[in-house]
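Here's a quick tour of a protein model for someone new to reading structures.

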Amino acid sequence: MYEKTFPNKRFKHTLEFLKKHVSTSETILDLGVENPFSKIMKSEGFAVTNTTGEDLDKDQSIFSTEKKDVVTAFEIFEHLLNPYTILSEIKSDKLFISIPMRLWFSPAYRSKTDMWDRHYHEFEDWQLDWLLEKTGWKIIDREKWTNPVKKFGLRPLLRKFTNRYYIIYAEKIPTPTLPEGKEA
């Protein structure tokens, strides 16, 4: 995946944001197979378990079998067809999501050689916010940043000042419980 480039800026921002809200004593379920960033989290002292490559659109059983304090989904949700179901199934109280934002001047990414490396969704920030709200999450913190590239042209120029990445920290909104014998 990172044969030619390594996203140092994105990883730096993501790690700083995570450290601001999570202690190394908390356990993390990182959606997606082990990757360079999950290795960075481990090297920083976080207790990270990754999913094993299962198709999360079809199989959300990981959320019943892996009870962790925090779920992270860094650059994952854009690949999923049905993030609503996944967000609804997460049992952890803390959630971190980062996404590449939809850019008006660039089409959605699609690898021609790797069927897993395709973006079904490229969200605008308000779309992810709404999805989280609809699935019972409250956004506590959020950040955006640009991703300039060292190329010439109109799109590289636009990337210098157009936010490319969006990261959120959200907490599960507790479901109110009614006293026994009372109906909603």
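What follows is a short briefing, grouped by topic.

This is a predicted model, so keep its ground rules in mind: local features need pLDDT of at least 70, side-chain atom pairs count only at pLDDT 80 or more, and totals for chains, interfaces and linings use all residues. Residues are numbered from 1 along each chain as its sequence is written, and side-chain values use heavy atoms, with hydrogens and water left out. The protein has six helices and six strands; helices (H or I, at least four residues) and strands (E, at least two) are DSSP runs, numbered from the N terminus.

**Confidence and overall layout**

- The average pLDDT (the predictor's confidence in each residue, from 0 to 100) is 84 for the protein, and 80% of the residues score at least 70.
- The protein has 184 residues, and 42% of them are buried; buried means under 20% relative accessible area, exposed means over 50%, and partly exposed is in between (1.4 Å probe, protein chains only).
- Take the contacts (heavy atoms within 4.5 Å) with a separation of 6 or more: residues 24 or more positions apart account for 64% of them.

- Six strands form an open sheet of mixed pairing, in the order 2-1-3-4-6-5; two strands pair if DSSP finds at least two bridges between them.
- Strand 2 (47-50) and strand 5 are the edge strands, so called because each pairs on one side only.
- From one strand to the next, the twist averages 20°.
- Helix 1 (residues 8-21) packs on the sheet and touches strand 1, strand 3, strand 4, strand 5 and strand 6. Its direction makes about 150° with that of strand 5; axes are lines fitted to C-alpha atoms, for helices over the stretch in contact, and angles run from 0 to 180 degrees between N-to-C directions.
- Helix 2 (residues 36-43) also packs on the sheet, touching strand 1, strand 2 and strand 3, and its direction makes about 155° with that of strand 2.

**Strand 1 and its partners**

- Strand 1 pairs in the parallel sense with strand 2 over four bridges, and in the parallel sense with strand 3 over three bridges.
- Leu29 has a bridge partner in each of those strands: Thr49 in strand 2 and Val71 in strand 3.
- Strand 1, helix 2 and strand 2 make a right-handed β-α-β unit. Right-handed means that, with the strands pointing away from the viewer, the path from the first strand over the helix to the second runs clockwise.
- Ile28 is found in strand 1 and stands opposite Val70 in strand 3.
- Is Ile28 buried or exposed? Ile28 counts as buried because its relative accessibility is 0%.
- Leaving aside neighbours within four places in sequence, Ile28 is in contact with residues including Leu18, Val22, Met41, Phe46 and Val70.

- Five of the five residues of strand 3 are buried, so the strand is largely enclosed by the rest of the structure.
- Both faces are covered: Val70, Thr72 and Phe74 are buried on one side, and Val71 and Ala73 on the other.
- Strand 3 and strand 4 run parallel and are joined by five bridges; Ala73 has Ile97 as its bridge partner in strand 4.
- The chain goes from strand 3 through helix 4 to strand 4 in a right-handed β-α-β crossover.
- Glu75 sits in the loop between strand 3 and helix 4. Glu75 is buried, with a relative accessible area of 13%, and its phi is near 60°, a positive value in a residue other than glycine.

**The nonpolar cores**

- In soluble globular proteins, nonpolar side chains tend to be buried together.
- A nonpolar core is a set of buried Ala, Val, Leu, Ile, Met, Phe, Trp, Tyr and Cys residues joined through side-chain atoms within 4.5 Å.
- The largest such core here has 26 residues, and those with the most contacts inside it are Leu31, Phe77, Leu87, Ile97, Leu128 and Leu132.
- Another core, of 17 residues, lies apart from it, with Phe11, Leu15, Val22 and Ile28 among its members.
- Leu128 touches Ile97, Ile99, Phe123, Tyr166 and Ile168, not counting residues up to four places away in sequence.
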